[in-house]
Amino acid sequence: MDLVDLSTIPDGDIHFQDFIDQLCEKLELEYASYATTNPVNGAVQGYANYPDEWKKHYIGQAFQEFDPTLHATSRSVAPIEWRRFKRNADFRRVFDAAGEFGVSSQGLSIPIRGMYGDSAIFSVTRNCDDREWGLLLPEIIVELQMSAVHMHDAVLRSSLLMKAIAKPALSGREKEILQWTAAGKSQADIGDILGISNRTVEVHIRSAREKIGALSTTQAVARAVSMGIIHAI
Amino acid sequence: MIVVLDALNREQHHSILDEMYKLRARVFRDRLGWDVEVRDGREMDVFDELYPAHVISMNDDGKVVGCMRLLQTTGPHMLSDVFSDILDGEPPLRSSTIWEATRFCVDTNTLDQGRGRNSISYVTSEVMIGSFEYAMRAGIQDAVAVIDPVMNRVLKRSGNAPYDYLGTPKQMGKVVAMAALMDCSAERVASIREFAGIQHDVFVGEDDLIMPMERAAA
């Protein structure tokens, strides 16, 4: 899958903004936003590509204090489609206003849970009817999930303290599979070598990739080598 | 029929949740002898406080007859904490597209051994279909399920065999626990549906929830 990779965009806050822009472009979405509270230093970090006028209005009205797409969603396991809030007065208050700024109430919020008690919300919206939304969502939901966690992990890693403590914990199996990948073996080959199914190889690669913060297997191998997790071949 | 209770709707339907906790106490403590904490006849642990998604099967009388609990593997979950023994000391999987399934059970007191709507087999399949379809809609591709060997056998015989296992089965109290991998795929759901003869939509809309519950109370 050809995901937008945060590590290819130059450092600093600006790259999270670019990440959101590129993701919207790629997945045919109008706007996306991300918000988290850092569990280590308590700082709230947020990124969004909404129109500046809407951002100003939103903050001016203190919508963030009761916007259900920000609060009610954060404890969910599955992504929450905004249509679940249709009868919610707070939702209507925020999104009636949003409509005047060209921001649609057709959207979805993905809750993200991290390992350190950290959490975040990644939301996307598109100006379209239910039918179109229903067709689009299954096409992009896997990539949205991966992108949401990718973004969150990158934001966490960007804080210095997290950089110090967040060393990827790879299992023996994950290392072994990455090592064989580094040696040029295909997933099918590795399955044969280790006597496990192709799908098991795949599931470990996916987990290892995300722990390392890489979007492609090639990149995961390169980073694992540079981190000393596996050997260069 | 299947209802999914999460952080957004659990307050409105807390009586269903309550019945589910009671079912879990009957199954995991009374029948399986797991070392779980039961208070006031309800089995609850720290993971229930993390607002997991509960996939719950209710029969036509509105009685809770089966359930399963889903959590993201990106955050705290059972294999990363309490069941880490199963993984032989290895770190757990962590992925945005893998969920963990735990506390899977069905009510063997209410359900029979046959193949009809009121059977162990039917409800097992219904909970599985509900969980996989719910997960797929969320963009989840695989599930790692903590199960016992009996459940493992049930899965294998119902068109729902795990494609692999993580770590090694471990004795936990009176039973053995193991971590099974299952793809959340249309193929798997079709296979379970075919085995169980379930072709209809298993989910009940939230608006319809009130009726069977009122019937149960009447």
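How many aromatic pairs does a search of the whole structure find over all chains? The search finds 15. The model is predicted, so local features need pLDDT of at least 70 and side-chain atom pairs count only at pLDDT 80 or more, while totals for chains, interfaces and linings use all residues. Residues are numbered from 1 along each chain as its sequence is written, chains are lettered from A and ligands numbered from 1 in the order in which they are written, and side-chain values use heavy atoms, without hydrogens and water.

A pair of aromatic rings is described by the distance of the centres and the angle of the planes. Rings of Phe, Tyr and Trp (its six-membered ring) pair if their centres lie within 6.5 Å; planes under 30 degrees apart count as stacked, over 60 as edge-to-face and the rest as tilted. A:Trp82 and A:Phe91 are edge-to-face, with ring centres 6.4 Å apart and planes at 65°. A:Trp82 is buried at 1% relative accessibility (buried means under 20% relative accessible area, exposed over 50%, partly exposed in between; 1.4 Å probe, protein chains only). A:Phe91 is buried at 5%.

In chain B, B:Trp99 and B:Tyr134 form a tilted pair, 5.8 Å centre to centre with 45° between the planes. This pair links distant parts of the chain: B:Trp99 lies in strand β6 (residues 98-106) and B:Tyr134 in helix α2, 35 residues apart. Helices (H or I, at least four residues) and strands (E, at least two) are DSSP runs, numbered from the N terminus. B:Trp99 is buried at 2% relative accessibility. B:Tyr134 is buried at 12%. In chain A, one aromatic cluster is formed by A:Trp54, A:Tyr58, A:Phe63, A:Phe66 and A:Phe101.

Helix α2 (residues 120-137) of chain B also packs against another helix. Its axis and that of α4 (residues 186-196) of chain B come within 10 Å and cross at roughly 160°. Axes are lines fitted to C-alpha atoms, for helices over the stretch in contact, with angles from 0 to 180 degrees between N-to-C directions. The angle makes α2(B) roughly antiparallel to α4(B) (over 145 degrees). Residues in contact (heavy atoms within 4.5 Å) include B:Phe132 in α2(B) and B:Ile192 in α4(B).

Most residues other than glycine have a negative phi. A:Ala62 has a positive phi of about 55°. A:Ala62 sits in the loop between α2 (52-60) and α3 (68-71) of chain A. Phi of B:Asp40 is near 50°. B:Asp40 lies in the loop between β2 (38-39) and β3 (42-43) of chain B, and is exposed at 71% relative accessibility.

Terms used. Angles under 35 degrees count as roughly parallel, over 145 as roughly antiparallel, 65 to 115 as roughly perpendicular and the rest as oblique.
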